[in-house]
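Here is a short briefing to read alongside the structure.

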Amino acid sequence: MQDFLEFFSFADANIRYVTLGSVLLAASSAVVGCFTLLRKRALVGDAVAHAVLPGVCLAFILSGTKNPLILLIGAFVTGWLSLVVIDYITSRSRIKEDTAIGLVLSVFFGIGILLLTSIQQSGNAAQSGLDKFLFGNAASLIGEDLIIFSVVAVLLLVSVIFFYKELTLLCFDQAYARTIGFPVRGLELLLTTLTVFAVVVGIQAVGVVLMAAMLITPAAAARFWTENLKVMLVLAALMGAFSGVAGAFVSYTAPSMPTGPWIVLIVSMIAILSFALAPGRGWIARILRRRRNKTRILEENLLKLLYQLGELRQDYGNARSIEELLERRNIPKKEALSGLQKLKRQGYLKKEDKRWLLTTEGEKRGRRVVRLHRLWELYLTQYVNLASDHVHEDAETIEHIITPELEQKLLEELNYPDLDPHHARIP
Amino acid sequence: MNAFWIILTGSLVATCCSLLGCYLILRRMAMVGDAISHAVLPGIVIAFMLTGSRDTIPMLIGAGLLGVLTTFLIEFFHRFARVQADAAIGVTFTWLFAIGIILISVFAGQVDLDQDCVLYGEIAYVPLDLIITEGGLSMGPRTVWTLAVVTGLIGIFIWVGYKELFLTTFDPAFAAAIGISTTLWYYLLMGAVSLTTVASFESVGAILVVAFLVAPPATAYLLTDNFKTMLGISVAVGIASSILGYYLAVWMDGSIAGAIATVTGIAFMLAFLFSPSRGILMRQKRVQAVGH
């Protein structure tokens, strides 16, 4: 608790720098990451992160100083070049994009390592600290770094807000963007530049390998909670910012803990929980929905069956045994029984010495399913010109899906018909 | 003699990786290889903590398990949680790598491992760790023996499973129709990639593994349309890069792994520009020839 209060009072300048730096970095790269994710190019961030290294080394060799601005320019140049090379290789040969990314990533990084070790061996004392670009070191952020971080973060956010519409179109409908005269290539270049900016700055905090996570993970997590891009951008930024603060806090309470990996670990946990738990798109929500649909289809099929039997013998009031039902339709007996029990509890069925009988409610619902089935068969034969012996399968599926509004439309469209294509009466 | 052992180590890694890489790039799974090579880190650390030594076998097992777990997680996120494929890869390997680094920091005093060793290895130390028999006879570096066994296993794997691997790569639907389990061969292939990564990690590091997995096969892919030829060219490019890379590193006094990766890149660039059938420059020349 003591630690907690001390940390969040931000009295220590060092805490302020590290926290603010981590938040700025995590939030701004999360925002840019959303766009690269939606363009299905999430992994290019990984390539850029690796490709930054040779640029840093070259800048050092050429300038002979460790001026952060010069190193950043070097990093920016090779980072940017790597993306151009990936695009060029994929468009000009039969090499696929994933191969091109892996190739550029490993070769650029190999060149970087070669240069870096070569510099280190040369005995140049000024070189120490260059490997900050390799593994990052958020805990050593100082005021000067923070200024660069803030400038880049603001720059990224402003460009995203300013070009929001254009970038959105680029992600979702490139062909349309081109048709209405948007400079698609220019926009791609813009997004590339933004990505490289985010990487070049962020890499000093979290290192080469983990930089990819700062771009991809918050975006992938946010994608699970919403279908709205604006909400997604805000969510991703918040998730990034939260893990930035949390990572800084962990490394404050346990000074031997590296900040960067903790930021990534926390944001990954958020992402994995989102994959599992998010309502709508999440894994568990999908399983539940599938199970619910399955039960509903089973119940409707049972009601339909009872109704059809009543229709066949013109005695809706008689109860049927389970054997009678299963004779007409192949449902596993155990499933059928549990479905019948459930329908009884919901008041659609009554049970009279081991035989099942439709209540008024049940008859109504069964009749509706039969009606939808036959209406759809008729619709397919009349409007899609399918032969009447081809329409049953399709109707079996759609009868569970059609809404009352669609039902009304079908009725109007078909002019309130009496008979289906098999000359059965539409109830 | 040192040069010989280092080049031999590089060539053995090159052989395994270039062979497996051909399958990976044709399945569009190059980045899965990249992911595995990073994600084995926590497995190595855990094996190290449990045994307290750098014995090869526990490390192979620990990291091999993590490699397969990585593949499984990527598949799981993609198929069951419907995470976009590239995002699933990115999230999985960075997460596992972060765990690995945190584990290293937690046990900093006890673990003689660091990240740069994982990323770019230290092939120059290979000749130092020799197997000496009781009679005092040197049997050569330990790593070379490990890698020779792994290369043998990979060779046998590809030789025995050639038909299955070929079919599941090029025509999974047909493979499934004639009763070959695509899932089984997928996991076998990924297991082989994990094994190779782990066996090579100590000596060459993740980055050279990725370079060998991608660059020589991509080079070969631009030079031929025949799959067997592709395997052959790929291995040849890998071995040639090891040799040239070693001398480049000596000349520049830098990392050998970095230099070899650089040379694989140069090899790809040459094929990209001058491949008789698909090179950029050759294509232009062909167009001109047709024009005349």
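How many residues does the contact take from chain B, and how many from chain A? This is a predicted model, and in it the contact takes 52 residues from chain B and 49 residues from chain A.

**The side of chain B that touches chain A**
- The elements of chain B that each give two or more residues to this side are α2 (30–39), α5 (85–106), α6 (115–120), α10 (182–223), α11 (227–252) and α12 (256–274).
- Helix α5(B) provides the largest share of this side, with 13 residues.
- Sorted by class, this side of chain B holds 34 nonpolar, 12 polar and six charged residues.

**Chain B as a whole**
- Chain B is built with 13 helices and two strands.
- Of its 292 residues, 52% count as buried.
- Taking the contacts in chain B between residues at least 6 apart in sequence, 69% join residues at least 24 apart.

**A helix pair in chain A**
- In chain A, helix α14 (residues 283–313) packs against helix α17 (residues 360–383) at an angle of about 95°, and their axes are 8 Å apart.
- Because of that angle, α14(A) is roughly perpendicular to α17(A).
- From α14(A), the residues that meet α17(A) are A:Glu300, A:Leu303, A:Lys304, A:Leu306, A:Tyr307 and A:Gln308.
- Their partners in α17(A) are A:Gly362, A:Glu363, A:Arg365, A:Gly366, A:Arg367, A:Val369 and A:Val370.
- By class, the contact of α14(A) with α17(A) has five nonpolar, three polar and five charged residues.

Methods:
Residues are numbered from 1 along each chain as its sequence is written. Chains are lettered from A and ligands numbered from 1 in the order in which they are written. This is a predicted model: local features need pLDDT of at least 70, side-chain atom pairs count only at pLDDT 80 or more; totals for chains, interfaces and linings use all residues. Two residues are in contact if their C-beta atoms, placed from the backbone, lie within 7 Å. Helices (H or I, at least four residues) and strands (E, at least two) are DSSP runs, numbered from the N terminus. Ala, Val, Leu, Ile, Met, Phe, Trp, Tyr, Cys and Pro count as nonpolar, Asp, Glu, Lys and Arg as charged, and the others, Gly among them, as polar. A residue is buried if 20 or more other C-beta atoms lie within 10 Å of its own, exposed if 12 or fewer, and partly exposed in between; C-beta atoms are placed from the backbone. Axes are lines fitted to C-alpha atoms, for helices over the stretch in contact, and angles run from 0 to 180 degrees between N-to-C directions. Angles under 35 degrees count as roughly parallel, over 145 as roughly antiparallel, 65 to 115 as roughly perpendicular and the rest as oblique.
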